[in-house]
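Please read this briefing alongside the sequence and the model. The points are grouped by topic, with each term defined where it is brought in.

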Amino acid sequence: MKLLHIDSSVLGPHSVSRQVSAAIVDRLRQATPGLQVTYRDLTHTPLAHLSGPHLAAGQGAAPEASLQEDIAAGQAVLEEFLAADIVVLGAPMYNFTIPSQLKAWIDRILVAGKTFKYDSQGVQGLADNKRVIVAVSRGGYYGPGTPAAVGEHLETYLRWVFGFIGVANPEFISADGIGVGPEHRERAVAGALKAASSLNAA
(Lines give C-alpha, C1' and ligand atoms only; values in the text may rest on other atoms or scores of the structure.)
Protein backbone atom coordinates (compact mmCIF):
# COMPACT_ATOMS: atom_id res chain seq x y z
CA MET A 1 0.00 0.00 0.00
CA LYS A 2 1.42 3.38 -1.06
CA LEU A 3 0.48 6.79 0.32
CA LEU A 4 1.34 10.14 -1.27
CA HIS A 5 1.43 13.04 1.20
CA ILE A 6 1.27 16.53 -0.32
CA ASP A 7 1.52 19.84 1.57
CA SER A 8 0.94 23.24 -0.01
CA SER A 9 0.84 25.78 2.82
CA VAL A 10 3.45 28.55 2.78
CA LEU A 11 3.33 28.89 6.59
CA GLY A 12 5.72 26.09 7.49
CA PRO A 13 5.44 25.04 11.16
CA HIS A 14 2.66 27.59 11.74
CA SER A 15 0.38 25.86 9.22
CA VAL A 16 -2.84 24.22 10.40
CA SER A 17 -3.31 22.24 7.19
CA ARG A 18 0.19 20.78 7.59
CA GLN A 19 -0.56 19.82 11.19
CA VAL A 20 -3.79 18.08 10.20
CA SER A 21 -2.37 16.36 7.11
CA ALA A 22 0.49 15.00 9.24
CA ALA A 23 -2.02 13.68 11.78
CA ILE A 24 -3.93 11.93 9.00
CA VAL A 25 -0.76 10.28 7.75
CA ASP A 26 0.21 9.22 11.29
CA ARG A 27 -3.21 7.64 11.78
CA LEU A 28 -2.96 5.71 8.52
CA ARG A 29 0.60 4.58 9.30
CA GLN A 30 -0.62 3.12 12.60
CA ALA A 31 -3.62 1.45 10.98
CA THR A 32 -1.86 0.10 7.87
CA PRO A 33 1.19 -2.09 8.48
CA GLY A 34 3.83 -1.70 5.79
CA LEU A 35 2.39 1.54 4.43
CA GLN A 36 4.92 3.25 2.14
CA VAL A 37 4.80 7.06 2.35
CA THR A 38 6.11 9.51 -0.24
CA TYR A 39 6.15 13.16 0.83
CA ARG A 40 6.18 16.23 -1.39
CA ASP A 41 6.21 19.82 -0.15
CA LEU A 42 5.01 22.05 -2.95
CA THR A 43 6.43 25.19 -1.36
CA HIS A 44 9.94 23.76 -0.92
CA THR A 45 10.04 22.23 -4.41
CA PRO A 46 7.50 24.27 -6.40
CA LEU A 47 6.45 23.39 -9.90
CA ALA A 48 6.36 26.08 -12.54
CA HIS A 49 2.95 27.16 -13.77
CA LEU A 50 1.99 25.89 -17.19
CA SER A 51 2.98 27.96 -20.20
CA GLY A 52 2.57 27.72 -23.95
CA PRO A 53 5.90 25.89 -24.35
CA HIS A 54 4.81 23.37 -21.69
CA LEU A 55 1.66 22.60 -23.66
CA ALA A 56 3.57 22.41 -26.93
CA ALA A 57 5.98 19.90 -25.38
CA GLY A 58 2.98 17.90 -24.19
CA GLN A 59 1.82 17.72 -27.81
CA GLY A 60 5.15 16.32 -28.96
CA ALA A 61 7.23 19.43 -29.71
CA ALA A 62 10.85 19.39 -28.63
CA PRO A 63 10.96 21.13 -25.23
CA GLU A 64 13.05 24.23 -24.78
CA ALA A 65 16.25 23.51 -22.90
CA SER A 66 15.15 25.74 -20.03
CA LEU A 67 11.99 23.65 -19.56
CA GLN A 68 13.49 20.20 -19.56
CA GLU A 69 14.10 20.04 -15.81
CA ASP A 70 10.60 21.26 -15.01
CA ILE A 71 8.98 18.88 -17.49
CA ALA A 72 10.85 16.03 -15.82
CA ALA A 73 9.59 17.24 -12.43
CA GLY A 74 6.04 17.29 -13.77
CA GLN A 75 6.39 13.74 -15.01
CA ALA A 76 7.72 12.70 -11.61
CA VAL A 77 4.71 14.11 -9.73
CA LEU A 78 2.34 12.45 -12.19
CA GLU A 79 4.06 9.10 -11.63
CA GLU A 80 3.89 9.60 -7.86
CA PHE A 81 0.17 10.22 -8.09
CA LEU A 82 -0.47 7.27 -10.38
CA ALA A 83 1.47 4.93 -8.08
CA ALA A 84 -0.39 5.99 -4.91
CA ASP A 85 -3.26 4.06 -3.40
CA ILE A 86 -3.98 6.89 -0.94
CA VAL A 87 -3.40 10.62 -1.39
CA VAL A 88 -3.36 12.92 1.65
CA LEU A 89 -3.45 16.56 0.67
CA GLY A 90 -2.91 19.61 2.87
CA ALA A 91 -4.94 22.44 1.35
CA PRO A 92 -5.24 25.84 3.07
CA MET A 93 -7.65 28.42 1.67
CA TYR A 94 -5.88 31.47 0.24
CA ASN A 95 -8.15 34.23 -1.02
CA PHE A 96 -11.12 31.86 -1.24
CA THR A 97 -9.39 29.06 -3.17
CA ILE A 98 -6.34 26.79 -3.27
CA PRO A 99 -2.73 28.01 -3.16
CA SER A 100 -1.18 28.60 -6.57
CA GLN A 101 1.45 25.98 -5.74
CA LEU A 102 -1.30 23.38 -5.42
CA LYS A 103 -2.88 24.51 -8.69
CA ALA A 104 0.45 23.95 -10.44
CA TRP A 105 0.50 20.37 -9.05
CA ILE A 106 -3.07 19.74 -10.17
CA ASP A 107 -2.17 20.92 -13.67
CA ARG A 108 0.49 18.18 -13.79
CA ILE A 109 -1.80 15.35 -12.68
CA LEU A 110 -4.86 16.16 -14.79
CA VAL A 111 -3.48 14.62 -17.96
CA ALA A 112 -5.59 13.19 -20.76
CA GLY A 113 -4.86 9.52 -21.26
CA LYS A 114 -3.36 9.21 -17.77
CA THR A 115 -5.96 10.31 -15.23
CA PHE A 116 -8.95 10.90 -17.54
CA LYS A 117 -10.05 10.31 -21.09
CA TYR A 118 -12.85 11.32 -23.41
CA ASP A 119 -15.01 8.74 -25.16
CA SER A 120 -18.43 8.62 -26.81
CA GLN A 121 -20.06 8.97 -23.37
CA GLY A 122 -18.05 12.04 -22.43
CA VAL A 123 -15.27 12.18 -19.86
CA GLN A 124 -14.14 9.07 -17.99
CA GLY A 125 -11.97 9.30 -14.88
CA LEU A 126 -9.06 6.86 -14.71
CA ALA A 127 -8.08 7.37 -11.05
CA ASP A 128 -11.10 5.70 -9.49
CA ASN A 129 -8.93 3.26 -7.55
CA LYS A 130 -7.56 5.95 -5.24
CA ARG A 131 -8.57 7.20 -1.82
CA VAL A 132 -8.12 10.96 -1.43
CA ILE A 133 -8.19 12.68 1.97
CA VAL A 134 -7.89 16.47 2.13
CA ALA A 135 -6.92 18.48 5.22
CA VAL A 136 -8.51 21.91 4.79
CA SER A 137 -7.86 25.06 6.81
CA ARG A 138 -9.92 28.22 6.38
CA GLY A 139 -9.69 31.52 8.20
CA GLY A 140 -13.46 32.05 8.28
CA TYR A 141 -16.65 30.05 8.03
CA TYR A 142 -17.79 28.99 4.58
CA GLY A 143 -20.13 26.08 5.26
CA PRO A 144 -23.56 25.68 3.64
CA GLY A 145 -25.95 28.34 4.85
CA THR A 146 -23.27 30.78 5.99
CA PRO A 147 -23.12 34.27 4.45
CA ALA A 148 -19.70 33.46 2.93
CA ALA A 149 -20.66 30.08 1.44
CA VAL A 150 -20.78 31.55 -2.05
CA GLY A 151 -17.08 32.43 -1.72
CA GLU A 152 -15.95 28.87 -1.00
CA HIS A 153 -13.84 27.81 -3.98
CA LEU A 154 -11.47 25.38 -2.27
CA GLU A 155 -13.43 22.30 -1.22
CA THR A 156 -15.93 22.71 -4.04
CA TYR A 157 -13.10 22.96 -6.57
CA LEU A 158 -11.20 19.95 -5.21
CA ARG A 159 -14.36 17.82 -5.12
CA TRP A 160 -14.88 18.61 -8.79
CA VAL A 161 -11.22 18.05 -9.73
CA PHE A 162 -10.96 14.66 -8.09
CA GLY A 163 -14.43 13.65 -9.24
CA PHE A 164 -13.40 14.52 -12.80
CA ILE A 165 -10.59 11.97 -12.65
CA GLY A 166 -12.76 9.30 -11.06
CA VAL A 167 -12.44 9.79 -7.28
CA ALA A 168 -16.11 9.74 -6.43
CA ASN A 169 -15.92 10.39 -2.69
CA PRO A 170 -12.89 12.41 -1.62
CA GLU A 171 -12.80 12.85 2.17
CA PHE A 172 -12.41 16.26 3.79
CA ILE A 173 -11.30 17.14 7.31
CA SER A 174 -11.69 20.86 7.91
CA ALA A 175 -10.45 23.37 10.44
CA ASP A 176 -12.66 26.41 9.94
CA GLY A 177 -12.54 29.84 11.55
CA ILE A 178 -8.86 29.70 12.46
CA GLY A 179 -8.47 33.39 11.67
CA VAL A 180 -11.44 34.54 13.75
CA GLY A 181 -9.63 34.39 17.09
CA PRO A 182 -7.47 32.20 19.34
CA GLU A 183 -10.41 30.29 20.83
CA HIS A 184 -11.90 29.59 17.41
CA ARG A 185 -8.50 28.42 16.14
CA GLU A 186 -7.92 26.14 19.11
CA ARG A 187 -11.38 24.60 18.82
CA ALA A 188 -11.07 24.13 15.04
CA VAL A 189 -7.65 22.48 15.25
CA ALA A 190 -8.72 20.18 18.07
CA GLY A 191 -11.79 19.08 16.12
CA ALA A 192 -9.79 18.42 12.95
CA LEU A 193 -7.12 16.44 14.82
CA LYS A 194 -9.81 14.37 16.53
CA ALA A 195 -11.35 13.60 13.15
CA ALA A 196 -7.94 12.63 11.79
CA SER A 197 -7.33 10.25 14.68
CA SER A 198 -10.66 8.54 14.01
CA LEU A 199 -10.16 7.86 10.30
CA ASN A 200 -10.87 4.36 9.06
CA ALA A 201 -7.87 2.52 7.67
CA ALA A 202 -9.69 1.74 4.43
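**Briefing on strands and salt bridges**

Arg-131 counts as buried, at 14% relative accessibility, where buried means under 20% relative accessible area, exposed means over 50% and partly exposed lies in between (1.4 Å probe, protein chains only). This is a predicted model, in which local features need pLDDT of at least 70 and side-chain atom pairs count only at pLDDT 80 or more, while totals for chains, interfaces and linings use all residues. Residues are numbered from 1 along each chain as its sequence is written, and side-chain values use heavy atoms, with hydrogens and water left out.

**Arg-131 and its contact**

- Arg-131 has its place in strand S6; helices (H or I, at least four residues) and strands (E, at least two) are DSSP runs, numbered from the N terminus.
- The side chain of Arg-131 makes a polar contact with the side chain of Glu-171 at 2.6 Å, a polar contact being a pair of N or O atoms within 3.5 Å, of which, within protein, one must be able to donate a hydrogen and the other to accept it, and for which residues adjacent in sequence count only if both atoms are side-chain atoms.

**Strand S1 and its partners**

- Of the 6 residues of S1, 5 are buried, so this strand is largely enclosed by the rest of the structure.
- S1 and S2 run parallel and are joined by 6 bridges, where two strands pair if DSSP finds at least two bridges between them; Lys-2 has Gln-36 as its bridge partner in S2.
- From S1 the chain crosses through H1 to S2 in a β-α-β crossover that is right-handed, meaning that, with the strands pointing away from the viewer, the path from the first strand over the helix to the second runs clockwise.
- S1 also pairs with strand S3 (residues 86-92), in the parallel sense and over 5 bridges, and in S3 the bridge partner of Asp-7 is Gly-90.

**The hairpin of S4 and S5**

- Strand S4 (residues 116-119) and strand S5 (residues 122-125) pair in the antiparallel sense over 4 bridges, and a hairpin joins S4 to S5 through 2 residues.
- Asp-119 has Gly-122 as its bridge partner in S5.

**Salt bridges**

- The structure holds 10 salt bridges, each defined as a side-chain nitrogen of Lys or Arg within 4 Å of a carboxyl oxygen of Asp or Glu.
- Asp-7 forms one of these with Arg-18, with the closest N and O atoms 3.8 Å apart; because Asp-7 lies in strand S1 (residues 2-7) and Arg-18 in helix H1 (residues 16-31), the pair ties together parts that are 11 residues apart in sequence.
- Both partners are buried, Asp-7 with a relative accessible area of 2% and Arg-18 at 12% relative accessibility.
- Arg-40 forms a salt bridge with Glu-80, the closest N and O atoms lying 2.9 Å apart; since Arg-40 is in strand S2 (residues 36-41) and Glu-80 in helix H3 (residues 68-83), this pair ties together parts that are 40 residues apart in sequence.
- Arg-40 itself counts as buried, at 13% relative accessibility.
- Asp-176 forms a salt bridge with Arg-138, with 2.6 Å between the closest N and O atoms; Asp-176 lies in strand S7 (residues 171-176) and Arg-138 in strand S6 (residues 131-138), so the pair ties together parts that are 38 residues apart in sequence.
- Asp-176 is partly exposed, with a relative accessible area of 21%, whereas Arg-138 counts as buried at 5% relative accessibility.
- Salt bridges that share partners join Arg-138, Glu-152, Glu-155, Arg-159 and Asp-176 into one network.
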